[in-house]
Amino acid sequence: MAACPNITDINTDFGCFPNDPIGFVQRFYGIGLGFVGAVSLIAIIIGGYTILTSRGEPQRVNTGKSWIFYAIGGLLVAIFGYVIIQTVAVDILKIPGFH
């Protein structure tokens, strides 16, 4: 295994990981947002498919709308959570390590 470029990182089988909590969260928050985005996209597709195949049944149309509504809502919560954390940690509190 090659040594990590940053002296504070820990070398694992999956690559180099930051040793400090701030660096660890920064590394994986982007991956988490990508995962939430992918799950939201799949849920929107499922909701759209449910609406398309509902044949006008009100219960299935409402189910499809719920899938789409909650997928978009969850994605917005994740994105705004990231924005709020960045605003509070970087701009207001000026916590070292966040950038």
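Which hand does the link of Cys4 and Cys16 have about the S-S bond? With -100° about that bond, the link of Cys4 and Cys16 is left-handed. The legends below start from the whole chain and return to this link.

This is a predicted model, in which local features need pLDDT of at least 70, side-chain atom pairs count only at pLDDT 80 or more, and totals for chains, interfaces and linings use all residues. Residues are numbered from 1 along each chain as its sequence is written, and side-chain values use heavy atoms, with hydrogens and water left out.

**Figure 1. Overview of the protein chain.**
The protein chain has two helices and two strands. Their order from the N terminus is β-β-α-α. Helices (H or I, at least four residues) and strands (E, at least two) are DSSP runs, numbered from the N terminus. The radius of gyration is 20 Å, well over the 13 Å that the globule rule gives for 99 residues, so the protein chain is more spread out than a compact globule. That radius is taken over C-alpha atoms, and the globule rule is 2.2 Å times the number of residues to the power 0.38. Along the principal axes, the C-alpha atoms fill a box of roughly 60 × 40 × 15 Å. Of the 99 residues, 17% count as buried. Buried means under 20% relative accessible area, exposed over 50%, and partly exposed in between (1.4 Å probe, protein chains only). The accessible surface comes to about 7,400 Å², and 73% of it belongs to carbon and sulfur atoms. These areas come from the Shrake-Rupley method with a 1.4 Å probe; for residues, only the protein chains shown count as cover. Among contacts with a separation of 6 or more, 34% are between residues 24 or more positions apart. Contact means heavy atoms within 4.5 Å.

**Figure 2. The disulfide of Cys4 and Cys16.**
A disulfide is a covalent bond between the sulfur atoms of two cysteines. Here the cut-off is a pair of cysteine sulfur atoms within 2.5 Å. A search of the whole structure finds one. In the link of Cys4 to Cys16, S to S is 2.1 Å. The pair links distant parts of the chain, twelve residues apart: Cys4 is in the segment before strand S1 (9–12), and Cys16 is in strand S2 (residues 15–18). Cys4 is buried, at a relative accessible area of 16%.

**Figure 3. Aromatic pairs, including Phe17 with Phe28.**
Rings of Phe, Tyr and Trp (its six-membered ring) pair if their centres lie within 6.5 Å; planes under 30 degrees apart count as stacked, over 60 as edge-to-face and the rest as tilted. The count comes to three aromatic pairs. One of them, Phe17 and Phe28, is stacked, at 5.4 Å centre to centre and 20° between the planes. Phe17 lies in strand S2 and Phe28 in helix H1 (residues 21–52), so this pair ties together parts eleven residues apart in sequence. Phe17 counts as buried at 18% relative accessibility. Phe28 is partly exposed at 31%.

**Figure 4. Tyr29 and Tyr82, a stacked pair.**
The rings of Tyr29 and Tyr82 sit 5.4 Å apart, centre to centre, with 20° between the planes. Tyr29 lies in helix H1 and Tyr82 in helix H2 (residues 58–92), so the pair ties together parts 53 residues apart in sequence. Tyr29 is partly exposed at 28% relative accessibility. Tyr82 is partly exposed too, at 34%.

**Figure 5. Thr12 in strand S1.**
Thr12 counts as partly exposed, with 24% relative accessibility. A polar atom of the Thr12 side chain lies 2.7 Å from the backbone oxygen of Gly15. This is a polar contact: a pair of N or O atoms within 3.5 Å; within protein, one must be able to donate a hydrogen and the other to accept it, and residues adjacent in sequence count only if both atoms are side-chain atoms. Thr12 and Tyr70 are 58 residues apart in sequence and 37 Å apart in space, C-alpha to C-alpha.

**Figure 6. Thr50 in helix H1 and Ser54 in the loop between H1 and H2.**
Thr50 is buried at 12% relative accessibility. Its side chain reaches the backbone oxygen of Ile46 at 2.8 Å. Not counting residues up to four places away in sequence, Thr50 touches Arg60, Thr63 and Gly64. Ser54 is buried as well, at 3%. A polar atom of the Ser54 side chain lies 2.9 Å from the backbone oxygen of Ile51. With the exclusion of residues up to four places away in sequence, Ser54 touches Arg60 and Val61.
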